[in-house]
Amino acid sequence: MTTARTKPLSSAEPGQLAQGSSWLGALRNRRLWLGVLGWTVACLIFFPIFWMVLTGFKTEAAAVADPSLIFSPTLDSYAEVQNRANYLHFALNSVVVAFGSTLLALLIAIPSAYSMAFLPTKRTKGTLLWMLSTKMLPPVGVLVPIYLLFRDTGLLDTRTGLIIVYTLMNLPIVVWMLYTFFKDMPKDILEAGRMDGASTLQEVLYLLLPLTLPGIASTGLLAVILSWNEAFWSLNLTSSQAAPLTAYIASFSSPEGLFWAKLSAASTMAIAPILVFGWLTQKQMVRGLTFGAVK
Amino acid sequence: MGLIMNKTRTAGRTVGGLRTLSLQAPAVSLLFLWMIVPLAMTVWFSLQRYNLLMPEMTGFAGLENYEYLFTDPALWSAMGTTLLMVGWVLVITVVGGTLLAVLFQQEFFGQGIARVLAISPFFVMPTVSALVWKNMMMHPANGVLSWVAESLGLPAVDWFSSLPLTSIIIIVAWQWLPFALLILLTAMQSLDEDQVEAARMDGAGPIAIFFFITLPHLKRAISVVIMIEMIFLLTIFAEIFVTTSGGPGLATTNLAYLIYIQALLDFDIGMASAGGVVAIILANIVAIFLVRMVAKNLES
């Protein structure tokens, strides 16, 4: 953008050069100040995360001392958190629940999104919107019955229970995102496959899925992120057996649990993979989070 | 209805309809169950006398639970708190998000990395962000904020006991500001650069361009941000759970936390369900508008 605007200046006549270069200088100056402002704001917003990562490398004594950037880093807190074998237990719960529910949601959503994108009927639009509307039911409105149903069926504090809840929680978004990715795919390719005698299943497995893999991957990542960070159901439906990292970190809130360095180390490990996923998929994520209303 | 109409058409269409039905059946039926069963149960429980601590008290209560709920000062306090939380977080995130989107749209050194840093809080799990703010930022003795205040010669603030609601609002706004920024930045990308350039040629200053070109262009994205945030913010839970537990008193108890207290701490299923129905109605008022907007977009 800016480079395009500066180009004509370089080919300007000599008489205009003086005026041009001062204009260019002003532009550079403006960009410099914008840079300073942008980076200041970004660093301020990121600061709590940065500080948490830093605190994870401090000793407990240094963690509660006056804030300081200079300290001798140690991996003690990480080692200690890992040694308390239960960290791995909670991390494993998070992994199983987030990836399990995502795979299940993809499995259920792919046929549905396929038929919506390639065999649309009069009711397709209505079905899509209805699916979205289920996402708007506040979880707290159905907490009581879900809790009682889970208690009576033995699903309380089990990974299976959480996987069921997260699958259903993310299903509308997953169907929606897959639908938009499938719809963007040129229809001729599937048409050609059908001409060559491919069955629906072959069509999906050998043409649709490989061609829309990036879209499916970002849909899956969004579902993983949402499940990994979910903290309403995990706090209410699990206690110890199936508690994922969100619930484990919450246990640090008790007053006697003031181990800041350990909390920081555990938190850093808990958010690191998701931060990376988030950075990788931010563009496609907008599609899923706004149901395509913002492009 | 739809099936009958299909049958009167050609055989091929009926087969297509059947195929659609079988492909969509798993997703649709599961979601239908997920929505209708708990919803019906919530409404049913809300009309029952049902307290897990008093098993002998059962039976149809009519609107008794609602009567208790609406005469309970805790409900009105929780509604007020909910409104304050939603309102302030919306103001901060929408105004801040718009300004940040304009800033990060400009070209400057390392703008991509700065953007990524600024949207990061959205990917941090709520319990982590709440605890980091509680222990490392807002702690009255060892927090960074009190250290900054002291360095500037100001008195340190005991955030969670003197400004509990403000503290929660700050934490939640910090999580959702990146969401608004992410959405609005995406919307900015479709802004017509030629139009901006033309306005600049006509002598429009940056402020005029912002109010007469950028803001109208972002109108739609901003309303989407507002509606989605409203639905999520209506039921903020984890941030309250790990920081203030709804206190001191009822200062930070919102509707979601009140229902949690009634259901899982007081075991009053009937009352909690009545609260749940209120939450559902509130969310639906917003949801109707959002779904309509998405529907309009589907047509175009």
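Me: What share of the contacts in chain A with a separation of 6 or more comes from residues 24 or more positions apart?
Reply: Such residues account for 79% of those contacts in chain A. Two residues are in contact if their C-beta atoms, placed from the backbone, lie within 7 Å. This is a predicted model, in which local features need pLDDT of at least 70, side-chain atom pairs count only at pLDDT 80 or more, and totals for chains, interfaces and linings use all residues. Residues are numbered from 1 along each chain as its sequence is written, while chains are lettered from A and ligands numbered from 1 in the order in which they are written.

Me: How many helices and strands are there in chain A?
Reply: Chain A has 14 helices and zero strands. Both are DSSP runs numbered from the N terminus: helices are H or I with at least four residues, strands E with at least two.

Me: Where in chain A is the pLDDT below 50?
Reply: It is below 50 over residues 1-18 of chain A, a stretch with nine contacts in the model beyond near neighbours in sequence. Where pLDDT is low, the predicted coordinates should not be read in detail.

Me: Changing topic, how many residues of chain A are in contact with chain B?
Reply: 83 residues of chain A are in contact with 84 residues of chain B.

Me: Which helix of chain A gives the most to that side?
Reply: Helix α2 (residues 14-56) of chain A does, with 16 residues.

Notes
pLDDT is the predictor's confidence in each residue, from 0 to 100.
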